[in-house]
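Subject: Structure for you to look at

Hi,

Here is the structure I said I would pass on. Have a look at it first, and then read on for what turned up.

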Amino acid sequence: MADVESLINRHIREMEPYSSARDEFEGNADVFLDANESWYSGECDANRYPDPRCRDLRKLLESTMNLPFDMTAIGNGSDEVIDLLMRMFCREGDSVMVSTPTYGEYRVFASTNNLRTIDVSLKESLELDADGIIAALGRENPKIVFICTPNNPTGRVYPLSDVRRIADANSGITVVDEAYSDFAEGFESAVSLIAGNPRVVVMRTLSKSWGLAGARVGILVADPVIQRTFVKMKPPYNVSLLNQRAAIRVLSEPERYRDVVSQVIADRKIMERKAAEYPFVREVIPSEANFIVIRTDDADRLYRYLLSKGIIVRNRTKERYLSGCLRITIGSKEENRRLMEALDGYEAC
Ligand SMILES: *Cc1c(COP(=O)(O)O)cnc(C)c1O
């Protein structure tokens with residue numbers, strides 16, 4: 001198989017990176033007159049440009065999440081990571097592969113980059129069709145295969161052995177989106193595959209288990225060749241000083257967030273059990289993420305009813321295999337109680 005460097009678009013490999021003021025200086029200094037910043041610090045002490053390499057944040061990722069420093073880079077949310085990976089490995093007319101029902105952003109960014117999206121859908125059991133994907137690889141030659149585990153919106157974790165088998169058969173890049181992995185007990189991360197297969201790229205995020213969706217912190221975990229190229233391509237100041245500061249704060253207190261995650265997992269199990277008892281719930285699709293998925297006879301009706309009670313859930317009834325399904329995020333104790341109270345009062349047709 002080709003080495004990973006040769007998979008990177010040539011114009012990207014050969015481009016000169018932007019050299020920011022802070023990149024060009026080495027050593028110690030305490031008078032910074034190099035970047036045309038204001039000396040005056042008004043709001044939030046944000047008069048200085050942020051660290052383009054997010055070094056303090058990444059050191060904490062190493063100590064709290066065990067992600068090696070030279071293998072991580074930060075995007076403005078996973079969104080930016082997805083977009084930059086496509087721009088790194090794909091050119092107009094190339095294709096990427098997804099397995100629906102899954103996260104919609106892969107297809108959206110494929111469209112903005114003028115890429116085709118090939119869908120090898122899940123099996124009806126909502127398992128990943130690993131053999132189907134491997135068979136399609138040869139035919140379609142996608143530049144990137146996206147695997148989301150635990151999957152949104154089904155909550156299913158795919159066996160790491162299947163992920164490995166696909167990645168090994170794939171001569172392109174396999175991106176494993178692990179946004180929800182903290183909610184899956186005993187989860188085995190694809191980060192462990194990278195050493196043996198540098199075409200594996202993992203995405204994590206601080207948006208879910210770390211409570212920082214508003215700060216937009218997406219994490220790339222990849223072979224250092226890909227990591228360095230990512231840092232070279234990305235806008236130098238893509239993660240604001242305020243966002244880096246927020247990320248550093250939460251990562252400095254991991255116990256707090258682990259407690260919240262434990263509570264979410266416990267509440268998910270309670271809600272799944274309770275939801276199964278409602279006569280209008282035909283099925284509870286087992287989830288290992290921070291949401292439950294219920295199937296009813298009339299998802300649109302239940303959706304509108306909940307909305308009338310001031311509760312918004314996600315209607316997934318139009319997705320393949322998910323007719324009648326609502327995806328419901330696990331909220332606080334109070335929010336969950338409000339949901340259950342509303343469901344208690346729902347009269348099915
Ligand atoms: C929520 C989510 C993310 C997180 O995206 P951010 O841009 O980091 O907020 C990534 N992948 C999936 C599948 C998600 O559902």
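A quick definition before the details: a crossing of two helices is called right-handed if the near helix is turned clockwise from the far one by less than a right angle, and left-handed if it is turned anticlockwise. Please also keep in mind that this is a predicted model.

**The helix pair**

With that in hand, take α4 (residues 77-89) and α5 (residues 105-112): their crossing is right-handed. The two helices pack with 10 Å between their axes, at an angle of about 45°. On the α4 side, the contact is made by Asp79, Ile82, Asp83 and Met86, while α5 brings in Glu105, Tyr106, Phe109, Ala110 and Thr112. Sorted by type, the residues of this contact come out as five nonpolar, three charged and one polar.

Most peptide bonds are trans, and most residues other than glycine have a negative phi. Here are some exceptions to check on your side.

As for phi, Leu126 has a positive value near 75° without being a glycine. You will find Leu126 in the loop between β3 (116-119) and α6 (130-140). Its relative accessibility is 4%, so Leu126 counts as buried. Tyr321, also not a glycine, has a positive phi of about 65°. This residue lies in the loop between β10 (314-315) and β11 (325-329), and Tyr321 counts as partly exposed because its relative accessibility is 27%.

**One more residue**

Which residues does Arg245 touch, leaving aside those up to four places away in sequence? They are Cys44 and Asp45. Arg245 itself belongs to helix α9 (residues 241-251) and, with a relative accessible area of 29%, is partly exposed. Gly186 is 59 residues from Arg245 along the chain, and the C-alpha atoms of the two are separated by 30 Å.

Let me know what you make of it.

Cheers

Terms used
Residues numbered from 1 in each chain as written. Predicted model: local features only at pLDDT ≥ 70, side-chain atom pairs only at ≥ 80, totals over all residues. Heavy atoms only, no water. Axes fitted to C-alpha atoms, helices over the stretch in contact; angles between N-to-C directions. Helix = DSSP H or I, 4+ residues; strand = E, 2+ residues; numbered from the N terminus. Contact = heavy atoms within 4.5 Å. Nonpolar A, V, L, I, M, F, W, Y, C, P; charged D, E, K, R; others polar. Buried < 20%, exposed > 50% of the residue type's maximum accessible area, 1.4 Å probe, protein only.
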